[in-house]
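Subject: Handover of a structure, with findings

Dear colleague,

Please find below the structure that I am handing over to you.

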Amino acid sequence: MKVILLEDVKSVGKKGQVVNASEGYAKNFLFPKKLAVEANNVNMNELNLKNKAEERKKAQELEDAKALAEKLEKIVVKIPVKTGEGGKLFGSVTNKEIAQAIEKNEGLKVDKKKIVLNDQIKMTGKKTVQVKLHPKVTAALTVEIVEG
């Protein structure tokens, strides 16, 4: 019997897959626990519509990420910090501070978890920071640390 899985089922398949299950297993376990529905024409059509909507949503997210990456690569974010002798910082600049500076100065909202710092920023000057906006989109953001 062909069924459409509504949830991930161990050793059977993932959510949204159409799988063959024995009739007894489907009627006595999958259907009562609402883990699957029968793969008839109505349910198959509904699955196809959900898949198409999901594809459109993912495509839109990718386009939004590309547009944000373009904007981020054009700007220079200035972060004023307290410094000691020789331009050394007291502490370091974190990805949270960078995200707050982007939102305050440019009005763009970037999640702090998406800002990748390879090493700590402990000196004044310009640094290039990677911002991973989408699995396929990474932007190079210029951050300028100034005495303030």
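Is K27 buried, partly exposed or exposed? K27 has a relative accessible area of 45% and is therefore partly exposed; buried means under 20% relative accessible area, exposed over 50%, and partly exposed in between, with a 1.4 Å probe and protein chains only.

Before the remaining findings, a note on the basis of the description. This is a predicted model, in which local features need pLDDT of at least 70 and side-chain atom pairs count only at pLDDT 80 or more, while totals for chains, interfaces and linings use all residues. Residues are numbered from 1 along each chain as its sequence is written, and side-chain values use heavy atoms, with hydrogens and water left out.

Salt bridges and the aromatic pair

A search of the whole structure finds 2 salt bridges, a salt bridge being a side-chain nitrogen of Lys or Arg within 4 Å of a carboxyl oxygen of Asp or Glu. One of them joins K27 to E23, with the closest N and O atoms 3.1 Å apart. Both residues belong to helix α1 (residues 23-30), where they are 4 residues apart, about one turn of the helix. Helices (H or I, at least four residues) and strands (E, at least two) are DSSP runs, numbered from the N terminus. E23 is partly exposed, at a relative accessible area of 46%. The side chains of K109 and E103 also meet in a salt bridge, at 3.6 Å from N to O. In that pair, K109 counts as exposed at 66% relative accessibility, whereas E103 is partly exposed at 41%.

The structure also holds 1 aromatic pair; rings of Phe, Tyr and Trp (its six-membered ring) pair if their centres lie within 6.5 Å, and planes under 30 degrees apart count as stacked, over 60 as edge-to-face and the rest as tilted. Y25 and F29 form this pair, which is stacked, with 5.3 Å from centre to centre and 20° between the planes. Y25 and F29 both lie in helix α1, 4 residues apart. Y25 is partly exposed at 31%, and F29 is partly exposed at 29%.

The sheet and its helices

An open sheet of 4 strands has the order β4-β9-β8-β6, with mixed pairing; two strands pair if DSSP finds at least two bridges between them. β4 (76-81) and β6 (115-116) stand at the edges with a single partner strand each, so one side of each has no neighbour in the sheet. β4 pairs with β9 (residues 137-147) in the parallel sense over 6 bridges. Within this pairing, I79 has I145 as its bridge partner in β9, and V76 stands opposite T142.

Helix α2 (residues 41-74) packs on the sheet and touches β4, β8 (125-134) and β9, its direction making about 30° with that of β9. Contact means heavy atoms within 4.5 Å; axes are lines fitted to C-alpha atoms, for helices over the stretch in contact, and angles run from 0 to 180 degrees between N-to-C directions. Helix α3 (residues 95-106) lies across β4, β6, β8 and β9, at about 115° to β4.

T142, in strand β9, is partly exposed at 21% relative accessibility. Beyond four places away in sequence, T142 touches I75, V76, V77, K126 and K127.

The nonpolar cores

A nonpolar core is a set of buried Ala, Val, Leu, Ile, Met, Phe, Trp, Tyr and Cys residues joined through side-chain atoms within 4.5 Å. The largest has 27 residues, of which L72, I79, I98, I102, L133 and L141 touch the most other members. The elements that give two or more residues to this core are α2, β4, β5 (88-93), α3, β8 and β9. Apart from it lies another core of 9 residues, among them V3, L5, L30 and A36.

L72 is found in helix α2 and is buried, with a relative accessible area of 0%. Not counting residues up to four places away in sequence, its contacts include I102, L108, V131 and L133. The C-alpha atoms of L72 and E106 are 9.2 Å apart, although 34 residues separate them along the chain. With that same exclusion, I98 touches residues including I79, V93, I115 and L141.

Yours sincerely
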